[in-house]
Amino acid sequence: MIPWRCVSVGLMEYRRGRSQEAIAYCERCLTLDTSNPARSATAQVIMAMAHHQAGDSKLARLELAEIRGVIDKKFAASLDMGNGTEGYWFDWLLARILLREAVGLIEAGPAN
């Protein structure tokens with residue numbers, strides 16, 4: 001459960017405006033375990049928003065483009081119940097909600 005906790009803390013740190021801490025927690029999540037694609041996608045979206053928040057719009061756009069394809073592909077097919085290994089439907093939904101936020105944020109331009 002530590003990787004999921006890292007995602008949760010990473011999102012909290014991002015929301016608090018602490019982009020470097022958010023990035024560190026998301027990187028820790030991805031370092032610990034990448035076997036759950038829904039969790040990895042969520043961490044990558046948060047990292048993209050945190051990089052944007054930190055002023056690195058170029059890296060944010062690259063990360064967003066990479067993970068957007070993964071999430072869009074998952075939703076192009078019929079979304080099933082899922083499981084603890086691949087991610088449950090609600091894990092993918094969280095990733096998609098954050099992706100929509102990230103697209104609106106990052107494609108709008110530089111962070112203020």
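User: Let's start with F90. Is F90 buried, exposed or partly exposed?
Analyst: F90 counts as partly exposed, because its relative accessibility is 44%. The cut-offs are under 20% relative accessible area for buried and over 50% for exposed, with partly exposed in between (1.4 Å probe, protein chains only).

User: Before we go on, what kind of model is this?
Analyst: This is a predicted model, where local features need pLDDT of at least 70, side-chain atom pairs count only at pLDDT 80 or more, and totals for chains, interfaces and linings use all residues. Residues are numbered from 1 along each chain as its sequence is written, and side-chain values use heavy atoms, with hydrogens and water left out.

User: OK, back to the rings. How many aromatic pairs are there?
Analyst: The count comes to two aromatic pairs. Rings of Phe, Tyr and Trp (its six-membered ring) pair if their centres lie within 6.5 Å; planes under 30 degrees apart are stacked, over 60 edge-to-face, and the rest tilted. Y88 and F90 are stacked because their planes are at 10°, with ring centres 5.4 Å apart. W89 and F90 make an edge-to-face pair, with 85° between the planes and 5.5 Å centre to centre.

User: And which residues do the ring pairs link into a cluster?
Analyst: Y88, W89 and F90. Y88 is partly exposed at 33% relative accessibility, and W89 is partly exposed too, at 38%.

User: Which charge lies over the face of F75?
Analyst: That's R96, at 4.2 Å from the ring centre of F75. To count, NZ of Lys or CZ of Arg has to be within 6 Å of the ring centre and within 35 degrees of the ring normal.

User: Now helix α5. How many residues does it have?
Analyst: Helix α5 covers residues 89–106, which is 18 residues. From first C-alpha to last it reaches 25 Å, close to the 26 Å expected at 1.5 Å a residue. That expected span is 1.5 Å times one less than the number of residues. Helices here are DSSP runs (H or I, at least four residues), strands are E runs of at least two, and both are numbered from the N terminus.

User: Where do the buried residues of α5 fall, seen down its axis?
Analyst: They fall within an arc of 145°, so they line one face of the helix. The arc is that of the directions from the helix axis to the C-beta atoms. W92, A95 and L99 are among the buried residues, while the face turned away from the buried side carries the exposed residues I97 and R100.

User: What do the buried ones pack against?
Analyst: They pack against α1, α3 (37–53), α4 (57–76) and β2 (87–88). Contact means heavy atoms within 4.5 Å. One example is T42 in helix α3, which touches V7, D91, L94, A95 and L98, not counting residues up to four places away in sequence. T42 counts as buried because its relative accessibility is 0%.

User: How many residues are in the largest nonpolar core?
Analyst: It has 29 residues, and V45 and I71 have the most contacts inside it. A nonpolar core is a set of buried Ala, Val, Leu, Ile, Met, Phe, Trp, Tyr and Cys residues joined through side-chain atoms within 4.5 Å. The largest share of this core, nine residues, comes from α3.
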